[in-house]
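Okay, thanks everyone, let me put my protein up on the screen. I'll go from the overall picture down to a few residues.

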Amino acid sequence: LLTGFSEVFLLGVKKFFLGQFLRFGLDVVWMAPLADALLFIVPGLVLWLSASRWPNLVSLRLVTGIFAFLGFLSLLFMYYPLAVYAKILLAAGLAIQASRFAAARADGFQRLARRSVGWTAALVVTLAVSIHGWQWIGERRALAQLPPSMAGAPNVLLIVLDTVRADSLSLYGYE
């Protein structure tokens with residue numbers, strides 16, 4: 001969840017402070033943390049199963065290092081123009097430092113993790129519900145302001161696709 005919120009923050013920094021033109025809707029505010037949480041569930045389940053089978057193998061330092069590496073790597077791959085090996089090395093170095101920091105303060109770190117997961121997940125749900133509710137209310141207001149349709153008028157849906165020429169489709173050789 002923290003990686004997803006960091007991605008949203010960096011998108012905002014790029015858009016507003018660096019003047020880069022980025023198009024993204026409000027849904028990214030809750031979708032990025034949710035997507036990262038779903039992606040991180042797989043290594044989490046592997047680590048949990050490993051810890052239940054071999055309890056001495058999995059430690060707080062190892063778990064923190066793995067998740068910090070994945071989080072930093074995700075942020076570096078999305079936002080920084082470095083060579084791939086440089087991103088991997090930088091993510092590994094940052095993960096090692098994060099795992100050392102967490103291991104040195106194990107009790108406080110575990111307490112913070114337990115307390116923050118619930119309210120961070122609640123924040124994601126609240127953002128999703130409020131953003132969709134706000135959009136739903138806006139749509140209802142816009143529909144209420146439309147004049148009624150004429151009796152017997154046909155329903156027509158016109159779909160216009162901008163870049164769907166033959167030279168833009170992979171079916172016809174576009175890469």
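Predicted model: local features only at pLDDT ≥ 70, side-chain atom pairs only at ≥ 80, totals over all residues.

Residues are numbered from 1 along each chain as its sequence is written, and side-chain values use heavy atoms, with hydrogens and water left out.

Helices here are DSSP runs of H or I with at least four residues, strands are E runs of at least two, and numbering goes from the N terminus.

Now the overall dimensions. The C-alpha atoms fill a box of roughly 75 × 40 × 40 Å along the principal axes. The radius of gyration is 23 Å, whereas a compact globule of 175 residues would come in near 16 Å; that's taken over C-alpha atoms, and the globule rule is 2.2 Å times the number of residues to the power 0.38.

Buried residues make up 22% of the 175. Buried means under 20% relative accessible area, exposed over 50%, and partly exposed in between, using a 1.4 Å probe and protein chains only. As for contacts (heavy atoms within 4.5 Å), of those with a separation of 6 or more, 67% join residues 24 or more positions apart.

Okay, let's zoom in on Glu-7, in helix H1, residues 2-17. Buried or exposed? Glu-7 counts as buried, because its relative accessible area is 6%. Its side chain makes a polar contact with the side chain of Ser-74 at 2.7 Å. A polar contact is a pair of N or O atoms within 3.5 Å; within protein, one must be able to donate a hydrogen and the other to accept it, and residues adjacent in sequence count only if both atoms are side-chain atoms. Leaving out residues up to four places away in sequence, Glu-7 touches, among others, Ala-32, Asp-36 and Tyr-79.

Next, Ser-116 in helix H5, residues 106-144. Ser-116 is buried, because its relative accessibility is 18%. A polar atom of its side chain lies 2.8 Å from the backbone oxygen of Leu-112.

Last stop, Leu-34, in helix H2, residues 28-53. With a relative accessible area of 36%, Leu-34 is partly exposed. That's it from me, thanks!
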